[in-house]
Amino acid sequence: MIPEFGHFALIVALCLAVLLASVPLWGAWRRNTGAMALAPGLAMGLLVFSGISFACLAVAFLQDDFSVEVVANNSNSLLPAIYKFSAVWGNHEGSLLLWILILAVWTAAVATFSRQLPLLVLSRVLAVMGFVAVGFLSFSLLTSNPFARLIPGTPADGQDLNPLLQDPGLIIHPPLLYMGYVGFSVAFAFAIAALLGGRLDASWARWSRPWTNIAWAFLTLGIMLGSWWAYYELGWGGWWFWDPVENASFMPWLAGTALIHSLAVTEKRGLFKSWTVLLAIFAFSLSLLGTFLVRSGVLTSVHAFATDPARGLFILVFLAIVVGGSLTLYALRAPAVNSRVSFAWLSRETLLLVNNVVFLVATLTVLFGTLFPLLMDALGQGKYSVGPPYFNAVFVPLMALLVPFMGLGPVSRWKRDSAQRWKAELLLPAIAALACGLTLPLLHGEYNLWVALALVLAGWLLLGLGRDVWLRLRAAPTLARGLRRTPASYWGMVVAHLGFAACVVGVVATSQYSIERDLKMEAGQAETLAGYRFEFVELANFRGPNFRADEARFVVTRDGEEIARLAPQKRRYLASNQIMTEAAIDAGLFRDLFIAMGEPVGQGGAWAIRLHYKPMVRWMWLGAILMAVGGFITVVDKRYRRQRAASTASAGEVARGAQA
Amino acid sequence: MHPVRKQRLIIVLCVVLFSSAAVGLMAYALRGNINLFFPPAEVAAGKAPVGQPIRVGGMVVEGSVQRSEDSLHVRFEVTDYQARVPIVYEGILPDLFGEGQGAVAAGVLDDQGVLQATEVLAKHDENYMPPEVAEALEKSKAQMKGANMTKGQGE
């Protein structure tokens, strides 16, 4: 009964979404306040009913209701309860329901926290989000109903969740990622609403900025968790594969990074308005494209659940409607919102423009690399694959190019700046960064030019930021007042940029200094790697709740001192008979030690063993966490709470602009 | 210069500069880093280039997997039921690798017609097969059927 109830709730949600997409929009067109005022209530209803629907599916999973097809295919009575819950989104239908629920959460959040917005704008924004919800709800109901039953033919037990997904990281990775993906729909909705209203002023940017920052921060966390999961769960110690599905989440992130910077220019200076709108459309379209790539099965990877052409076609059509519709609207309306403000060569605007161009180019190169195999296949040119070397060759120089400008950014001034001032402020940090970066790799023994370059760039970012913070605080009469006067959005920027610097160091150090060795080892043997002695003590059997495993017990020592006891496993899951590698990791701020089991070799109980020494690999994820934290900090800025006052002020600004 | 025009110039120059750099990089990066998939039949027919990175995939032939006793050296064959390609690899094979299962290997073909693999991928779960492999198998099946039919007509 509960699944039918969930199905019914989903249908109600669709009806509410249809109303939300149409009535407030009609109200905004006819200036009918009553119709417009319905929008927040409809948004709440959408949240309630998609929440009920999601809860029903979760109950079906937790109660082992194997008459529901999705449950039968993706759960098992032996599965631990927490994984039964996360199995809700460990499959195509359920993850789509999660998509819908999160979209409803965002819609309701906009309805709740934007009450001070003019009703005209709010109703348009919510209507656009309602339209997106219509698309995904009908996708769910028409092509991938999560509540489909297996009656008759109910199996006695389920087929189990894919063992790769039975992991704590995977419980929160999809929700965080979707918070980011779907969060860009808010920026998109604001952009479309602004185009519909024909008024793209600074207040528009101010309204959508906090939402975009939150979405971006969630996406950062989601991608970071995915990378971390791949590192410890896939058993080969890699953390980024340029897999099409990783790219699918990375492209919206790149476009989103460009968007949050371009929004800053639009808000502060009223520039790049049409460009910002285009980026908002672009970022959300890439989110949809990502969903298409992952859900249609045109690309194969761990993430691809379904290979049903009808589903791919549906998303493709929806994508075409969204992209085509919004670009048409853009073409019709964008010229009307041109700006008349100017800036000089040396100015913060130019630096942020560089940021935008670099990130956009990076997005396009990743997009090209991801779609190239599809394109060649469609043209009948053969089955190509584009590997990591392509992406690395394109991506690394682009990021290296970005950092010098990024260091200048915080110190620079809006509108007009001078090279003399930059030189006066940043000559010292530049020399210090150069000196540190060039000497620090000496500590590691063998000199590595790439690490030196990364350290110079990271040092440049760090010291430039430090210099700027110091300048700001020095200008205030007391330190306390200086701290209080500095807005939260500034601190958010500082933290996020520091995170980026940490990322750069982590990525380069771990790629350059990692030592990996695949060996044949048997109990009693030992191997030394980077000064760490890995001793294979014994081979044991292990029995888990729903799997059996061979376990290789290792003791790691350094100079005779015990560092860690590690026990990697080779698991065989009982329900699905799948084999899985469970790596053992001793994590540290400056190095990770990683052991994974391959397969038995020969008859004498020997195993293929993979030993890794990975320096500074944590810096990458810590950096990503810092970036996300920075994104969240910006949102508490007081400025965003004074929206009403600001919106009237900027209306005056526009009037003045029109006179000029 | 008029400030607005100057600003446009800045924007246009930035865009042109960075995108041409990107196009250059992409062209350079694409040259050596894409590889084409070949079914075993085409490799056997000599259609695959020697000394260039390619991918070969098919079903791992039953009984063909030979592991070395004292190292991680492994040799196996993949087939599309028309031809077989021997593959050698040094390292740990993926969890889902097995005889009679689909696999794709990336590497370089040597002049003996052996693929020196640098990477071996296996299917991800029971229902999944790399699409290239599935298509190659289907094609060879269709061809075999066609061959049988012509033979049948001849008799």
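A residue is classed as buried if 20 or more other C-beta atoms lie within 10 Å of its own, as exposed if 12 or fewer do, and as partly exposed in between, with C-beta atoms placed from the backbone. The model is predicted: local features need pLDDT of at least 70, side-chain atom pairs count only at pLDDT 80 or more, and totals for chains, interfaces and linings use all residues. Residues are numbered from 1 along each chain as its sequence is written, and chains are lettered from A and ligands numbered from 1 in the order in which they are written.

Chain A contains 19 helices and 11 strands; helices (H or I, at least four residues) and strands (E, at least two) are DSSP runs numbered from the N terminus. Buried residues account for 52% of the 660 residues in chain A. Along the principal axes, the C-alpha atoms of chain A fill a box of roughly 90 × 75 × 55 Å. Of the contacts in chain A with a separation of 6 or more, 74% join residues 24 or more positions apart, a contact being a pair of residues whose C-beta atoms, placed from the backbone, lie within 7 Å.

Chain A is assigned domain 1 (1–161), domain 2 (175–417) and domain 3 (520–618), with bounds from an automatic or database domain assignment. The centres of domain 2 of chain A and domain 3 of chain A, taken over C-alpha atoms, are 39 Å apart. Their contact involves 5 residues from domain 2 of chain A and 9 residues from domain 3 of chain A.

Gly605(A) lies in the loop between strand E10 (591–601) and strand E11 (606–615) of chain A. Gly605(A) counts as exposed because it has 10 C-beta neighbours inside 10 Å. Beyond its neighbours within four places in sequence, Gly605(A) contacts Glu522(A), Ala523(A) and Leu539(A). Ala523(A) is 82 residues from Gly605(A) along the chain, with 7.9 Å between their C-alpha atoms.

The contact between the chains takes 38 residues from chain A and 36 residues from chain B. Helix H12(A) supplies the largest share of the chain A side, 8 residues. Strand E1(A) pairs with strand E1 (residues 34–38) of chain B in the antiparallel sense over 3 bridges, where pairing requires at least two bridges found by DSSP. Within this pairing, Tyr384(A) has Leu36(B) as its bridge partner.

The largest nonpolar core has 199 residues, and Val504(A) is one of those that touch the most other members. Such a core is a set of buried Ala, Val, Leu, Ile, Met, Phe, Trp, Tyr and Cys residues joined through C-beta atoms within 7 Å. Apart from neighbours within four places in sequence, Val504(A) contacts Val403(A), Ala454(A), Leu457(A) and Ala458(A). Another core, of 45 residues, lies apart from the largest one and includes Ile609(A), Leu611(A), Leu72(B) and Val78(B).

Positive phi values were also examined. Phe272(A), a residue other than glycine, has a positive phi near 55°. Phe272(A) sits in the loop between helix H9 (244–269) and helix H10 (273–296) of chain A, and counts as buried with 24 C-beta neighbours inside 10 Å.

Note on methods:
Two residues are in contact if their C-beta atoms, placed from the backbone, lie within 7 Å.
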